[in-house]
Amino acid sequence: MATPALSDDYFRFIWDGRLLASGYNPYLYLPSEILHTSIVKEANLTQALYEGLNSPHYFTVYPPLNQLIFGVAARLGGESVLVSIVVLRLFIIAAEIGNLWLMNSFRWPQYLQKSRRGMVLVYALNPFVIMELVGNLHFEAVTLFCVLLAIRGLMSLPKVPYLYTKSAVALGLGASVKLIPLIFLPLIVGKIGLREGIKYSIITSGVLLALFIPFMSEALFHNFGKSLDLYFQKFEFNASVYYLLREIGFWLTGYNIIQSLGPLLSLTTLAGLSWLAFQRQNLLEKMLLALTLYFLLATTVHPWYITTLVALGALTKHWYTVVWSALLPLTYVAYLSQPYQENLRIVTLEYILVFGCLGYEFFLKGIDWEKPSSL
């Protein structure tokens, strides 16, 4: 029954949901542009909701399945923000129950079998995960559920080949909540082969596009793409490699080079994914590395982003994700001032410890790329 204390994203969830529940396409309307129109009254978009929005001048970036959840919460919540919050939270709790069941049901590699339940508890009882997902209403929990379903389908491929279709559908549903699972497609293609991988990618993309169909309009992709472009070329928070390169850019040019650095780092991530796709390590390990690379090169890393990383770290018995989850709540210090101001000393401490732990696990302790696994 609690209102999220460390995130105001739920205001946008309810705003979008009320638009959808009232028959309006949430991808077409800037909150700041419709504030004084009849739409506000028809969709019960109150002044209090508007004042809570952290991005009233940006189009929504939440994919279609997420919008559907918002719409259900708005419909059931009516005029009550608290009831809508509870409905949203019930979706997340249900997904988390499913996540724990799926993690415990995997055919774990022999070398991890004895510690399986303990590693699942590393995710299940992590205070950071509980706070960010259930407490602060972030839908990485639902995305993770879909990703784990997709992995489970791929694990069954040698015995039941047709399950790759179900796996592809699950990954498409995950991308329809958060787009991030799409980065796993090159790795999956590398596991199941080019021919089957193309089919898998077509099904995954088809599911995502099919869910966009009810919202389809000429302005949809322009608005959605514009907001994504702003995200990659304007937003900065809790970055690591990017902040170092940004300082070098300031030194060389005298201004912030994010507009060129953002795309460059994205291309570097894509190159890293392509390399990982051809490695023989098990799929879970490669997914962990891919997501780690993505976040280390990102311009924006909000705390809740790495909850999926914590789950993958538990499944592969890597501890740097737990260290990272323990340090990320410190980044909320930035919001003690208005407008927010990051404490770069805290960010530096965070990444020194994360890189140190990661370096130990992958370089000093070593990673065996030939290690056999059913995943």
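This is a predicted model: local features need pLDDT of at least 70, side-chain atom pairs count only at pLDDT 80 or more; totals for chains, interfaces and linings use all residues.
1. The largest nonpolar core has 102 residues. Those with the most contacts inside this core are Tyr-123, Phe-139, Phe-184, Tyr-200, Ile-306 and Trp-324. Helix 16, residues 283-296, gives the most to this core, with 10 residues.

2. Setting aside neighbours within four places in sequence, Tyr-200 is in contact with Ala-150, Leu-154, Tyr-164, Ser-167, Ala-168, Leu-171, Leu-185, Ile-188 and Ile-192. Tyr-200 is also one of the residues with the most contacts inside the largest nonpolar core.

3. Next comes Thr-204. This residue lies in helix 12, which covers residues 194-212. Is Thr-204 buried or exposed? Its relative accessibility is 1%, so Thr-204 counts as buried. Its contacts, leaving aside neighbours within four places in sequence, are Ala-168, Leu-171, Gly-172, Leu-182 and Leu-185. A polar atom of the Thr-204 side chain lies 3.1 Å from the backbone oxygen of Ala-168.

4. Val-354 sits in helix 19, residues 344-364. Val-354 is buried because its relative accessible area is 1%, under the 20% cut-off. Not counting residues up to four places away in sequence, Val-354 touches Tyr-320, Trp-324 and Leu-327. Of these, Trp-324 is listed with the residues that have the most contacts inside the largest nonpolar core. Between Val-354 and Arg-117 there are 237 residues of sequence separation, and their C-alpha atoms are 25 Å apart.

5. Two backbone angles deserve a check. Asn-44 is not a glycine, yet its phi is positive, at about 55 degrees. Where is Asn-44 placed? Asn-44 is in the loop between helix 3 (38-42) and helix 4 (47-52). With 25% relative accessibility, Asn-44 counts as partly exposed.

6. Lys-317 is the other case. Its phi is positive, near 60 degrees, in a residue other than glycine. The loop that holds Lys-317 runs between helix 17 (307-316) and helix 18 (320-327). Lys-317 has a relative accessibility of 33%, so this residue counts as partly exposed.

Definitions and conventions
Residues are numbered from 1 along each chain as its sequence is written. Side-chain values use heavy atoms; hydrogens and water are left out. Helices (H or I, at least four residues) and strands (E, at least two) are DSSP runs, numbered from the N terminus. Buried means under 20% relative accessible area, exposed over 50%, partly exposed in between (1.4 Å probe, protein chains only). A polar contact is a pair of N or O atoms within 3.5 Å; within protein, one must be able to donate a hydrogen and the other to accept it, and residues adjacent in sequence count only if both atoms are side-chain atoms. Contact means heavy atoms within 4.5 Å. A nonpolar core is a set of buried Ala, Val, Leu, Ile, Met, Phe, Trp, Tyr and Cys residues joined through side-chain atoms within 4.5 Å.
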